[in-house]
Amino acid sequence: MNNTSKKDFIQGIPKAELHLHIEGTFEPELMFEIAKRNHKKIKYNSVEELKKAYNFDNLQDFLNIYYEGAGVLMKEQDFYDITWAYLEKISSQNVIHTEIFFDPQTHTERGIPFGTVINGINEALKEGQKKWGISFKIIMCFLRHLEESAAMKALEEALDYKNMITAVGLDSSEIGNPPSKFQRVFERARKKGFLTVAHAGEEGPAEYVWEALDVLKVSRVDHGNHSLDDENLVQELIKRKMPLTVCPLSNLKLKVVKNLQKHPLKTMLQKGLLATINSDDPAYFGGYVNENYWAIAEALNLSEAEIATLAKNSFKASFLYEKTKREMIKGVNDYHRQTML
Ligand code: HPA
Ligand code: ZN
């Protein structure tokens with residue numbers, strides 16, 4: 001299969017996105033527009049200048065700019081608008097289901113009410129489902145560089161919006177902030193009926209992935225790259241059918257991998273891990289979900305069958321009902337079969 005038809009194959013295949021920070025979809029043009037209407041200053045003078053700053057040496061480098069960008073979001077309409085822009089984008093990429101993260105503490109710490117944030121995001125997602133049929137779940141992430149007590153406070157606030165939130169997650173600066181720091185807040189979240197996920201093994205060691213599994217009792221591991229350093233862990237992840245939400249362009253831009261040819265995705269698949277492809281923070285890392293599929297398929301010379309496996313994995317790993325998962329997986333199989341005719 002040549003590269004053009006592989007691109008078409010990726011474009012058309014139905015897929016889900018499971019690792020996406022809504023604050024990471026904030027495109028520079030929209031950032032300037034919203035900053036202007038909110039009378040907020042951005043450190044950069046133009047879109048071009050801002051884009052030039054998107055050169056990261058590591059996760060923290062990126063997070064500094066990402067939090068600054070999110071700082072111009074003030075009103076429910078702002079949260080609606082960034083979510084809507086993301087949906088417009090993925091509606092053109094055959095993403096039929098999305099599970100998005102948001103970071104409430106990034107906003108509540110600045111005095112923005114929790115409800116302002118989640119209502120804006122949720123309203124856009126509901127409208128998007130009506131317009132494009134894209135189903136969705138919302139996952140609230142705790143910022144791991146802050147204390148567990150701050151996460152606990154965010155969880156208490158979230159209880160009023162429980163019907164809108166499927167799971168809690170853990171993001172921000174990984175090294176030095178292990179999953180075990182958040183044992184009690186995750187315990188309480190599970191008791192209240194939330195599912196759990198956590199970023200682990202992006203920059204942090206395999207040990208953090210073990211903690212995500214055994215202490216936080218996650219249903220998915222976000223990133224998980226460093227799992228491959230520990231063969232016992234790999235076997236455990238396989239045994240548990242534990243999904244990994246892998247983000248190739250993010251890994252490249254944050255220097256988790258040297259280049260995409262060295263990316264562990266193919267090894268993950270060959271070992272039988274339930275890996276999925278996601279965009280993480282597409283406005284900052286140079287591509288939405290299809291660009292991630294394209295880049296990694298080209299770098300690792302993935303076959304059509306491997307691409308179809310990744311798309312099926314995205315539904316298997318989702319928080320959809322089993323029946324819906326089966327229907328969506330059938331959609332992938334039908335699509336694959338048709339392209340072979
Ligand atoms: N890792 C940790 N925190 C984040 C990320 C990420 O890739 N993106 C946004 N917050
Ligand atoms: Zn992430």
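## Lysine 217 and its loop

Lysine 217 sits in the loop between helix 10 (206–214) and strand 6. Helices here are DSSP runs of H or I with at least four residues, strands are runs of E with at least two, and both are numbered from the N terminus. The phi of lysine 217 is near 55 degrees, a positive value in a residue other than glycine. Most residues other than glycine have a negative phi. With a relative accessible area of 46%, lysine 217 is partly exposed. In this report buried means under 20% relative accessible area, exposed means over 50%, and partly exposed covers the range in between (1.4 Å probe, protein chains only).

## Basis of the model

This is a predicted model, in which local features need pLDDT of at least 70 and side-chain atom pairs count only at pLDDT 80 or more, while totals for chains, interfaces and linings use all residues. Residues are numbered from 1 along each chain as its sequence is written, chains are lettered from A and ligands numbered from 1 in the order in which they are written, and side-chain values use heavy atoms, with hydrogens and water left out.

The model has an open sheet of 8 strands in the order 1-2-3-4-5-6-7-8, with parallel pairing. Two strands count as paired if DSSP finds at least two bridges between them. Strand 1 (15–17) and strand 8 (274–277) are the edge strands; each has a single partner strand, so one side of each is left without a neighbour in the sheet. On average, neighbouring strands of this sheet are turned by 25 degrees against each other, direction ignored. The angle is taken between axes, which are lines fitted to C-alpha atoms; angles in general run from 0 to 180 degrees between N-to-C directions.

Strand 6 (residues 220–223) and strand 7 (residues 243–246) run parallel and are joined by 2 bridges. Across this pair, valine 221 stands opposite leucine 244 in strand 7. Strand 3 (residues 135–143) and strand 4 also run parallel, with 5 bridges between them. Here phenylalanine 142 has leucine 170 in strand 4 as its bridge partner.

All residues of strand 4 are buried, 5 of the 5, so the strand is largely enclosed by the rest of the structure. Both of its faces are covered, with Ala167, Gly169 and Asp171 buried on one side and Val168 and Leu170 on the other.

Serine 172 lies in the loop between strand 4 (167–171) and helix 9 (183–191). Its phi is near 85 degrees, again positive in a residue other than glycine. Serine 172 counts as buried, at 7% relative accessibility.

## Isoleucine 277 and leucine 310

Isoleucine 277 belongs to strand 8 and is buried, with a relative accessible area of 0%. Leaving out residues up to four places away in sequence, isoleucine 277 touches Ala16, Val246, Pro248, Leu265, Val289, Asn292, Tyr293, Ile296 and Leu310. Contact means heavy atoms within 4.5 Å. In helix 15 (residues 289–299), the buried residues include Val289, Asn292, Tyr293 and Ile296. Helix 15 is followed by asparagine 301, which has a positive phi near 50 degrees.

Leucine 310 is placed in helix 16 (residues 304–316). Leucine 310 is also buried, with a relative accessible area of 0%.

## Leucine 320

Leucine 320 is in the loop between helix 16 and helix 17 (322–340). At 12% relative accessibility, leucine 320 counts as buried. Apart from neighbours within four places in sequence, leucine 320 is in contact with His97, Glu99, Ser135, Lys137, Lys325 and Met328. The C-alpha atoms of leucine 320 and glycine 272 are separated by 22 Å, and the two residues are 48 apart along the chain.

## The cavity

The structure holds 1 cavity of 30 Å³ or more. A cavity is a set of points, on a 1 Å grid over the protein atoms alone, where a 1.4 Å probe fits but cannot get out; lining residues have an atom within 4 Å of a point. Grid points are joined across faces, edges and corners, and the volume is the space filled by probe spheres set on the points.

The largest cavity contains about 110 Å³ of space. Its lining has 16 residues, and those closest to its centre are His21, Leu59, Phe62, Leu63 and His199. Helix 4 (residues 59–70) gives the most to this lining, with 5 residues. By class, the lining has 7 nonpolar, 4 polar and 5 charged residues. Ala, Val, Leu, Ile, Met, Phe, Trp, Tyr, Cys and Pro count as nonpolar, Asp, Glu, Lys and Arg as charged, and the others, including Gly, as polar.

Technical notes. 1 Å grid on protein atoms, 1.4 Å probe; cavity = no way out; pocket = protein on both sides within 12 Å on 5 of 7 lines; lining within 4 Å.
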